[in-house]
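This report examines one protein model together with its ligand. Please consult the sequence and the structure shown below while reading.

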Amino acid sequence: MEKTIALIPGDGIGPDVVAEAVNVLDAVAKKFGHKWNYTNVVAGGAAIDKFGKPLPEEQLEICLKSDAALLGAVGGPKWDNLASELRPEKALLGLRGGMKVFANLRPAVMWKQLKDACPLKDEIVGDGLDILIVRELTGGIYFGERGTSADGNTAWDTEKYTRPEIERIVRMGFEYAMSRQKRLCVVDKANILNSSQLWRRVAEDVKKDYPEVALSYLYIDNASMQLVRNPRQFDVIATSNMFGDIMSDEASQITGSIGMLASASIGDGTGPGLYEPIHGSAPDIAGKDLANPLATILSAAMLLRYSFKLEDEAKAIENAVSAVLDDGWRTGDIAGSHIDEVKAAGKLVGTKKMGQLVVEYLNK
Ligand code: IPM
Ligand code: MG
């Protein structure tokens, strides 16, 4: 298979981790007989520095012309004081909106090798956690009407959803639930918000097509609590843009490290998907060979699975990551309280070495 992948390294540790994911993608291509052509996209703070805006139209065009896009991270203190329209984060929203990737899949899986990094008690975690968050990504308050009054003392953002926007997310939630444990929880704030009440009406309608799936609802405040109280009650969660943003960070912590979680942003399947780790740009450790590249490497696996339908290749990456962890290799963030032992064993590694190890295990 020959495909074009747009690389969007972005800011901070973005370039560090994307470089390792590319090494892994190249190793997969070699092993399975594929060819990837890469295009480079400048977005985020890097684009502000170079072009004066976070996502120039032609950079988005490069993504749209590719078969899939892999992003590192955007943002950093250097650009924090810019007006919101000019901030690096706008690049992310521009990419998501421009590429029409309306659904963000965020699997929160606990790697058994990293169980010690989970802050929850053993009896809560049991034999592991495996939750899939399906987050709406191109609507709601992130994209709704917003404004600030002339005197600067009043400001507003609007949570607005249409039936089709909700339906495609909820349907996706049901579809994934069918291939998993057949449980779907819609997270909302239906005791207050009209938009949430619409989410529930739509979910009730879509439910008729999935009689085997147990559908439940939780208010966001309760859901946040349940996620640490009894996370194993969750299989698939479908939710709005902002609630999904919040819940996925929380989910990342209970699985051990935010440095391990990948994500896929997909649309109706006719255009390229956008793949990115859920962690941020961590500017304090950028370029220091300290960042954990595994979330980006696992995002590359999702890219192969969802955009190219290459399940064996995706699995090969995931198995290699698992084997590397089995053998005790750790970056600082996942060494946790064992850091001294890991160091003594010579298994505390940096970004580059971790990438090399995944390639090595992939070729075993
Ligand atoms: C995420 C991030 C982004 C979001 C930010 C950087 C705009 O937090 O992908 O979760 O809120 O969507
Ligand atoms: Mg977030």
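## Residue D245 and helix α9

D245 is partly exposed, with a relative accessible area of 26%; buried means under 20% relative accessible area, exposed over 50%, and partly exposed in between, with a 1.4 Å probe and protein chains only. The residue belongs to helix α9 (residues 241-254). Here helices (H or I, at least four residues) and strands (E, at least two) are DSSP runs, numbered from the N terminus. Neighbours within four places in sequence aside, D245 is in contact with R106, R135 and Y142, where contact means heavy atoms within 4.5 Å.

This is a predicted model, in which local features need pLDDT of at least 70 and side-chain atom pairs count only at pLDDT 80 or more, while totals for chains, interfaces and linings use all residues. Residues are numbered from 1 along each chain as its sequence is written, chains are lettered from A and ligands numbered from 1 in the order in which they are written, and side-chain values use heavy atoms, with hydrogens and water left out.

## Annotated binding sites

For "binding site", an unreviewed UniProt entry lists D221, D245 and D249. They span 29 residues in sequence, yet no two of their C-alpha atoms are more than 14.4 Å apart, so they gather at one spot. UniProt positions are given in the numbering used here, feature names are shortened, and annotations may be inferred rather than shown by experiment. Helix α9 also holds D249, which counts as partly exposed at 37% relative accessibility. Apart from residues up to four places away in sequence, D249 touches I258 and I278. D221 lies in helix α8 (residues 220-229) and is likewise partly exposed, at 44% relative accessibility. The side chain of D221 makes a polar contact with the side chain of K189, at 3.2 Å. A polar contact is a pair of N or O atoms within 3.5 Å; within protein, one must be able to donate a hydrogen and the other to accept it, and residues adjacent in sequence count only if both atoms are side-chain atoms.

The UniProt annotation "binding site" (unreviewed entry) also covers R96, R106, R135 and D221. These positions are spread over 126 residues of sequence and are also spread in space, with up to 26.6 Å between C-alpha atoms.

Which residues are around ligand 1? They are E89, L92, R96, R106, R135, Y142 and D245, a residue being counted if one of its heavy atoms lies within 4 Å of the ligand.

R135 is placed in strand β5 (residues 130-136) and is buried, with a relative accessible area of 1%. Its contacts, not counting residues up to four places away in sequence, include R96, R106, Y142 and D245.

## Helices α4 and α3

With 3 residues, α4 gives the most to the shell around ligand 1. Within this helix, A91, L92, L93, L95 and R96 are buried. These buried residues pack against β1, α3, β3 (68-73), β4 (103-109), β5 and β12 (273-277).

In helix α3 (residues 57-65), Q59, L60 and C63 are buried. They cover an arc of only 100° around the axis, which puts them on the same side of α3; the arc is that of the directions from the helix axis to the C-beta atoms. E57 and K65, on the other side of α3, are exposed. The cover over the buried residues of α3 includes β1 (2-10), β2 (35-40), α2 (45-51) and α4 (89-98).

## Positive phi values

Most residues other than glycine have a negative phi. K100, which follows α4, has a positive phi near 55°. A282 is not a glycine, yet has a positive phi of about 35°; A282 lies in the loop between β12 and α10 (294-306) and is partly exposed at 25% relative accessibility. K309 has a positive phi near 55° and is placed in the loop between α10 and α11 (311-326). K309 is exposed, with a relative accessible area of 66%.
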